[in-house]
Structures are given as structure tokens and as C-alpha cells.
Amino acid sequence: MNVFLDGRNAVAHWFLSSIAYDGDNKNFEPSVYHLHSETSSLFESYGVSTGKSTLSFSGVSQIEKGAMKSKTRQAAKIIVFDEKGDGKSSPILRIGDNDVEASHAAVVGRLNEEHLYYLESRGLSREMARRLIALGYVLPVGKYFEEAEKDIIVRKVEEGLFDA
């Protein structure tokens with residue numbers, strides 16, 4: 001996906017949650033180009049990789065020369081549930097002007113066994129603990145969905161669709 005912000009005060013927001021499972025190889029590459037001054041973009045991506053799956057978030061935020069006072073932010077958070085799975089985040093910022101705000105954040109990590117142990121010590125099964133952790137990674141974008149759509153996401157995770 002390419003977004004071109006070609007007008008003063010143009011805005012783009014991209015929010016994504018994805019679960020890679022059953023050998024998926026998912027790659028998301030949203031890019032935004034700030035062509036005018038005082039534009040703004042925010043890209044947030046959240047994901048879970050299970051089994052032998054790969055999940056990748058990469059993209060470019062480019063502020064062109066003359067796009068002063070523009071703002072861009074990329075943030076990605078991926079948790080990898082299984083040893084054979086993989087996650088990757090590669091935010092790229094290209095800045096052509098001085099008077100701008102640009103930032104990025106990327107977190108990719110394996111499921112922490114201590115977190116599972118803690119949840120299990122509170123009476124949850126290992127499977128339920130994994131599901132709750134998965135929900136924590138995919139539901140941050142839930143605020144952008146209607147309640148019925150959010151319920152579908154929760155139900156799919158609770159049904160164990162994403163278990164390795």
C-alpha cells in the first residue's frame with residue numbers, strides 16, 4: 001500500500017493486527033510519502049506468529065523536501081510463539097527536510113516462558129494462557145472495529161485457531 005499525502009494537513013492512519021499460523025508467510029509493506037507541508041501519518045502494526053509461520057512488517061515513511069512541519073510515526077510489535085516461527089520489523093524513515101517530527105519503534109520477541117508460567121500458576125491452562133497473550137497482541141486495533149467484528153476476532157483466538 002502506498003499513500004501520498006499531497007495537500008496541506010493531509011492525514012493517514014494505518015492500523016493492522018495479523019496472526020500468521022499454519023505455515024503462513026505474511027509480509028505487510030505500507031509506505032507513506034509526505035509531499036506537502038504539515039502532513040501527518042501514523043502506522044501501527046501488531047502481530048503474532050505461531051507454528052512455522054513468518055510475519056513481517058516493513059515500510060517507508062518519506063518526508064520530501066519542502067514538507068516542513070510534517071509528522072510521521074511507525075510502530076510495530078510482534079510476538080513469536082514457537083521456535084520454528086519468525087517475525088521481522090523493518091521501519092524505514094527517509095527525511096528530506098529539517099523542520100519535521102519522525103520516529104519509529106519495532107519490537108520482535110519470543111513468547112516468554114515465565115509469562116506462561118505466571119498465568120498457569122494462577123490456574124489457567126497453557127492453551128488459555130497462550131490465547132490471552134495472543135489477544136493482547138491483536139486487540140490494540142480493536143477500538144477501530146464495531147463490537148460484532150471485535151467479537152469475531154476474540155472468538156477465533158478463543159477457539160484455538162492459532163494454536164501451533
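Two residues are said to be in contact, or to touch, when heavy atoms of each lie within 4.5 Å. By this criterion, and not counting residues up to four places away in sequence, Lys 69 touches Glu 38, Thr 39, Asp 99 and Val 100.

**Basis and confidence**

The structure is a predicted model, in which local features need pLDDT of at least 70 and side-chain atom pairs count only at pLDDT 80 or more, while totals for chains, interfaces and linings use all residues. Residues are numbered from 1 along each chain as its sequence is written, and side-chain values use heavy atoms, with hydrogens and water left out.

The term pLDDT denotes the predictor's confidence in each residue, on a scale from 0 to 100. For the protein chain the mean pLDDT is 90, and 97% of the residues reach 70 or more. Helices (H or I, at least four residues) and strands (E, at least two) are DSSP runs numbered from the N terminus. Confidence is lowest in helix H3 (residues 147-158), with a mean of 82, and highest in strand E4 (residues 31-34), at 97.

**Overall layout**

The protein chain contains three helices and nine strands. Read along the sequence, their pattern is β-β-β-β-β-β-β-β-β-α-α-α. The C-alpha trace spans about 55 × 35 × 25 Å along its principal axes. Of the 164 residues in the protein chain, 40% are buried; a residue is buried under 20% relative accessible area, exposed over 50%, and partly exposed in between (1.4 Å probe, protein chains only). Among contacts between residues at least 6 apart in sequence, 77% join residues at least 24 apart.

**The open sheet and the helices**

Two strands pair if DSSP finds at least two bridges between them. Four strands form an open sheet with parallel pairing, in the order E2-E5-E7-E9. E2 and strand E9 (101-110) stand at the edges with a single partner strand each, so one side of each is left without a neighbour in the sheet. Strand E7 (residues 71-80) pairs with E9 in the parallel sense over ten bridges. Within this pairing, Arg 73 has Ser 103 in E9 as its bridge partner.

Helix H2 (residues 126-138) packs on the sheet and touches E2, strand E5 (40-49) and E7, and its direction makes about 165° with that of E5. Axes are lines fitted to C-alpha atoms, for helices over the stretch in contact, and angles run from 0 to 180 degrees between N-to-C directions.

H2 also packs against H3, at an angle of about 150° and with the axes 9 Å apart. The two helices, H2 and H3, are therefore roughly antiparallel; angles under 35 degrees count as roughly parallel, over 145 as roughly antiparallel, 65 to 115 as roughly perpendicular and the rest as oblique. At this contact, Arg 131, Ala 134, Leu 135 and Val 138 in H2 meet Ile 153, Val 154, Val 157 and Glu 158 in H3.

**Individual residues**

| Residue | Phi | Relative accessible area |
|---|---|---|
| Asn 9 | near 70° | 48%, partly exposed |
| Asp 22 | about 55° | 71%, exposed |

Asn 9 is placed in the loop between strand E1 (2-5) and strand E2 (11-20), whereas Asp 22 lies in the loop between E2 and strand E3 (25-28). Leaving out residues up to four places away in sequence, Asn 9 touches Ser 37 and Glu 38. The C-alpha atoms of Asn 9 and Lys 69 are separated by 9.8 Å, although these residues are 60 residues apart along the chain.

Lys 69 itself lies in the loop between strand E6 (54-63) and E7.

Is His 34 buried or exposed? His 34, placed in strand E4, is buried, with a relative accessible area of 0%. Leaving aside neighbours within four places in sequence, His 34 has contacts that include Leu 5, Thr 39, Ser 40, Gln 62, Ile 63, Ala 67 and Lys 71.
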